[in-house]
Amino acid sequence: MSQKAKDFFEQYKAGKISRRDLMLGAGKLGISAATANFMLNAASTQALAADFDWKKFKGAKLHLLLNKHPYADAMIADLDNFKALTGMEATYDIFPEDVYFDKVTAALSSKSSQYDAFMTGAYMTWTYGPAGWVDDLGAYIKDPAKTNPKYAWDDVLPGLRASTAWNGVPGGALGSADAKQWCIPWAYELNSIAYNRKMYDKAGVQPPMNMPDLVEKAAKLTKDLGGPYGIGVRGSRSWATIHPGFLSGYANYGQKDLTVGADGKLKAAMNTAGSKAYHKLFIEMVQNSGPKNWSTYTWYQVGTDLGAGASATIYDADVLGYFMDGGDNKEKGNLGFHAFAPNPEAKAPTPNIWIWSLAMNSFGTQKDAAWYFMQWASSTEHDLFGATKTDFVNPVRASVANDEAFKTRLNKSYAGYVDQLAASSPGAKIYFTPQPLFFDVTTLWAETLQKMVAKEVPVDEGLDQLAATIDKQLKDAGLG
Amino acid sequence: MTAETIQAPRRRRKTKLLPYLLSLPALLVCVGILIPFVTAVYYSMLRFRLNLPAMKGFIWFDNYINFLSDSEFWNTVRVSLLYTGLTVGVELVFGLAIAMLLQKQTRFNNLASILLLLPLMTAPALAALMWKLMTNPNFGVLSYLVQLAGVSDFKWASAPSTALFTVVLVDVWVYTPFIMILLLAGLRSLPRQPFEAAALDGVPRRFVFFRITLPMLAPYMITATLFRLLDSIQQFDIIYSMTQGGPGNTLLVFQVRSYLEFYQYTNVAKSAALLVILWAITYALSNIFIKQWLKLRERARGSA
Amino acid sequence: MEHTSRLERIIRIVLVALILIFFLFPIFWIFLMSFQTNEDILRIPPSPFFTPTISNYQALITGKLVSAAGTLDIPFMRNLWNSVLLSSVSVVIALILGVPAAYAFARFKFRLGEDIAFTLLSFRFAPPLLVLLPLSLYFQEIGLTDTYAGLIWVYQLIALPLILWIVRGYFEDISPDIEYAYRIGGHSWWRTFTRIAVPLAGPGIAAAGLLAFIFCWNNFVFALILASADKQPVTVGSLAFVTASGIQYGQIAAAIVLSVTPTLAIALYAQRYLVEGLSLGAVKG
Amino acid sequence: MAQVEIRNIHKGFKSGAVLSDISLTAETGEIVVVFGPSGAGKTVLLRLIAGVEEPDEGAIFLQGRDVADAPPEARGLGMAFQNFALFPHMSAYDNIASALTARERSPAIIKAKVDNVAKLLKISHVMQHAPRELSNGQKQRTALARALVADPRILLLDDPLRNVDAKLRYEMRLELPSLLKASGSTVLYVTQDYKEAMALGDKIAVLLEGGFVQIATPTEVYRAPATLGVARLFGDPTINVIPAEPSLRDGRSVFDLGGVSLSLPARYAAVAGKSCMLGIRPESIIVEEAPSAESFPVEVVAITPLNEKSVLLLRTYDGREILAAEAGVEQSSRRIGAACARLDADAVLVFDAASGRRIAPVQS
């Protein structure tokens, strides 16, 4: 590398130039993004290499299935370090989220061995696990021959470890003693409020304190701003609509999706009075101040609108607000972050979480090598690299979350993000009842929400119908 | 006369085998497809969810019987038929009107008919994406134009009341040219005499249209209609790319629904049963279609 | 027709103009969008006036998308190449298989001939998912997962019936005497097929091949289910323009433009064949 | 050795039998005309010989070889089709040369042969034209040239003059015999024009309803047709047919025409008392101004010129209409109105009314 290039990296390390400028500059000097990242993280890679035979599977070729996501981008940026560390090859297929999980299902249901490991969410393993498509990773973690002594599994936040472990019994508690570790937490998102500070100042409102307050303020923002709408939430006919802000608020009101009877049978619980009251608030909010084509909204649109100044608030993954506050977004630097407890009586937020995790394909032919990759990708070193150098915010490891460099970096450019994270994370966990019909239940739920928002069916009636339909499906599947 | 003349001539074996040799490779390539078909029929008689392997079992026709009392299923039937009826109906009327406008062979009309081919050449999935961009409530040009026209709350594919309209619109945009091309070919091949005679006799044009044009064009219209019916009842690309079946269950047509059953709920049996029913419908339709088509072909060949 | 009044002529012209606007405006608008930056696109109200940029195309063609997270690789050109490869190889194979079969059905009356023809035609109307979903469960076992060969095989479902459908009609229109004349001249069956029948059915074969190419190119569901990322065509790949910093609308538009350009170009260049193929394929056979 | 020998051929299609029990031989250099009305199975017969159809029963021998197993390309034939069957995508030259390219490798020889036959058929100037640029006559000559160019031992010509205009047909009818004779080939020539058949054939095989009813020289077919059907097909205007049941008087058969008893020569005696059809060729009826012994009165109803003849429509007193033909068209003397007619009794043909077979005069 030329002296000029070295200087360039030194400048970056000294904090004189931004990461974006570094990448652009590196590109001009003929250094690829991957090489640049390699340079940046080479030191930590060397540290990782001590005391463990990383080269055991030298020459193996891993193939990964990834979702188009900033986290995946961040991992790809560091992939050369993995290759250097282990001497393995790693290639990947990357799909947008619209089709990603269908692709995973397609690959796994056909017992395909083409992918060794893949990105997943915890919910999906409730299908993959019982279907026998993914391996219990507990066995690998506990095996000193396979796992680096410095791996520090306990460093991973306990809530995340528990949320990705399930005993496979429908309705069984996550993280129970007999639970199997279906996947390894890799990065997570908790659901919270992000808002446009400029717009809030213009309309003269403060960040919302609770759900009724949010409904009111969103309406006021919609009215006063004349253009942007008040609140962005997802609305597509999918589980994805239920799990972010919606379920976080629902849980904050003490509501459950399903109840588990003494006999282990599951029963829908969306038709309680408390649930109906919450639904009414949420629906009123979407009707009055949500996006016009809410029913097709995925997180991509929710985020884009916030970044483009088309919406004033979002109640969605906290990292979404984070991404919109940077990059080349129009509203870059204008966003604020705010922990949110929707129930006026609740003491603290109860954000439902989405855990991007790594799972191992049971049909893979080189599982030990794949485990090496998973270990590396969830290692403290990679986590720290991601958290400090790329957009791997919301680190899954306590040591990284408490890292001063990480906190300083975020605080400097993303006002309130760290505070939000600190206030939200204690209550953050999965609030769904784990069971194989997760997608049936949540899709039906989203469908019912859409109908209720469109005023095709009144809330009370809609939820009674929903509960009845779900009960029937549970019964048909032998679960209810 | 010698004895050998009485024996029947030896067949040229090669000639007899030739047609089979020629058509068999094509058939073999496609027969591989029959295996999954049979599998699907078998799956449709199972209780079979990939994520509940323990409860897999053979249940004969229970999946089908369950459909009878399943309002979601009837909704799928209703939506599929509605979508098919609307798209085919609108495209037929629209296609006929355009074909009649362009009937005269002028340079302008020919150019117009070629330009009208372009939507047909656009992948339906991409066409849906185009319309999705154009109907985006924030920057979509159509949303803007509709707003200018004074309709402030038009939500296109996002509202149950207008979602069907929107996907039908896209389908119409893509496939009307197809019907137009067929009917234009039909119109231009009609004999001139009846029209000339009618013009000489001063027969009103409405009468000419209903009593001469339509009946003579009928075979072409039936063929075009059946062709579209078969495609339309199996619509997937446009609906899946626009709304994935939403909002609510407004657009859960057969193929979208079975796709979701398979990939989201891993309910293989239900997905297969839905597809078998769809197949039965299309098989019945395609039988009518192929018969009609053969008849028309005979006629076309006879007059050629 | 001679008695059209002036008013009627004007009405006709206006109607045709409206129709052209309806059918061409979306293509035109997406074309404009593809030359706009995301900021231009997100402007309210939308406007046809902007400073054109080729950055969207640049990003797609170089495969490098510069964003906050660094330079991302976007495999769009690879998708485009996949489309070219899948569609053209599928059509070539379908022609190799389909043209002789179409000839057999057109020329020979043989036992089961009509049944075989009907079976092949009926594939044209089978719900694609009925075949694809069970097939996806088998693909691993037969080693076709994530191979071009597997996709091309399934693409035969689109291309083969179409080619049989159209080409058969063209063969039937050739007088058998012409072929007999050549054979009597001392030429073998095969030579006659290649030198006489195929050249004479040439326009039909061209039309069928082009249509099959377009239908393969435009296919979505086959690749959606069976193709991995590095084998997928543009119809599926175009869904992929969502990145860390939001949705790149300009790039989606540019991707659409690049994806539909080949089929539109074929349509304009070979429209005579296409119109003939479409109308004969449906009507005359 | 017969060049072409067909033995007991049967051929049927779904719609029914087309040919039944057909046998025919053609010697070297012989021109055999297969004559019959359309739909008689003539073309099928040629196709069977050419090998593009296969017989259900029977055998075909070409140059003494059973060709049941031989595909068309192995039969060494030349064939010209009624609709010409030119290859639309090849020039006239290539069309003709196509009959050589399979067997002859040397382009020089091919060129020489094509040029030669083109010159012979006077189409040298259109060799580079595509078939669609040729006139019908040029197409017909090209098709013929293609059949001839390889000097096939056996030449099959399927009504080659059918689709050309009258003038050309007339010219070709004059040209063809010498051309075909010069080729030395055995020719099977299909036509439904009796004049063509008469002009070209060494032998005419009359095909009616799937079977040969007569195979004989042109003169014989005309003078002594085997059946009434054959008699009707040859001759223009067609033969007059008069149903009669002759009686025997003075050892002669006598029948009644136009109120007059007419007696036939002695060799017709055998037909007396049988239900017959009398065939009288128009040129065997002589119209006269003045009555004579054997004449009967007629009224000339119409006079029409036909080719180089005049055709007179006569009406007898009992209302029967018969045709007479006279050589020459400038019969100014002939008037509409009353006249007398008499028969050339030696030329009368007598057919059995039931079977249509000729029963007199008996062939010697």
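Trainee: In what sense do strand 16 and strand 20 of chain D pair, and over how many bridges?

Mentor: Strand 16 of chain D and strand 20 (residues 337-343) of chain D are antiparallel partners over four bridges. Two strands count as paired if DSSP finds at least two bridges between them, so these two qualify. The strands themselves are DSSP runs of E with at least two residues, while helices are runs of H or I with at least four residues, numbered from the N terminus. As one example of a bridge, D:I285 has D:L343 in strand 20 as its partner.

A word on the source: this is a predicted model, in which local features need pLDDT of at least 70 and side-chain atom pairs count only at pLDDT 80 or more, while totals for chains, interfaces and linings use all residues. Residues are numbered from 1 along each chain as its sequence is written, and chains are lettered from A and ligands numbered from 1 in the order in which they are written.

Trainee: Why do strand 16 and strand 19 of chain D stand at the edges?

Mentor: The open sheet has five strands in the order 16-20-17-18-19, with antiparallel pairing. Strand 16 (285-288) and strand 19 (321-327) of chain D each have a single partner strand, so one side of each lacks a neighbour in the sheet. From one strand to the next, the twist averages 45°, an angle between N-to-C directions of axes fitted to C-alpha atoms, on a scale from 0 to 180 degrees.

Trainee: What makes strand 3 of chain D mostly covered?

Mentor: A residue is buried if 20 or more other C-beta atoms lie within 10 Å of its own, exposed if 12 or fewer, and partly exposed in between, with C-beta atoms placed from the backbone. In strand 3 (residues 31-35) of chain D, five of the five residues are buried. In a regular strand, side chains alternate between the two faces of the sheet. Here D:I31, D:V33 and D:F35 are buried on one side, and D:V32 and D:V34 on the other.

Trainee: Which strand of chain D do five bridges join to strand 3 of chain D?

Mentor: That is strand 8 (residues 186-191) of chain D, running parallel to strand 3. Strand 9 (residues 203-208) of chain D also pairs with strand 3 in the parallel sense, over four bridges. D:F35 stands opposite D:T191 in strand 8 and opposite D:V206 in strand 9.

Trainee: How do you know which of the five pairs of chains that touch has the most contacts?

Mentor: Residues are in contact if their C-beta atoms, placed from the backbone, lie within 7 Å. By that rule, chains B and C have the most contacts. Their contact takes 78 residues from chain C and 72 residues from chain B. On the chain C side, helix 1 (6-33) is one of the contributing elements, and helix 1 gives the most, with twelve residues. That side divides into 61 nonpolar, 13 polar and four charged residues. Ala, Val, Leu, Ile, Met, Phe, Trp, Tyr, Cys and Pro count as nonpolar, Asp, Glu, Lys and Arg as charged, and the others, Gly among them, as polar.

Trainee: How many residues of chain C are in contact with chain D?

Mentor: For that pair, 16 residues of chain C are in contact with 17 residues of chain D. Helix 8 of chain C gives the most to the chain C side, with seven residues. Chain A and chain D, by contrast, have no contact, and their closest C-alpha atoms lie 51 Å apart.

Definitions and conventions:
Two residues are in contact if their C-beta atoms, placed from the backbone, lie within 7 Å.
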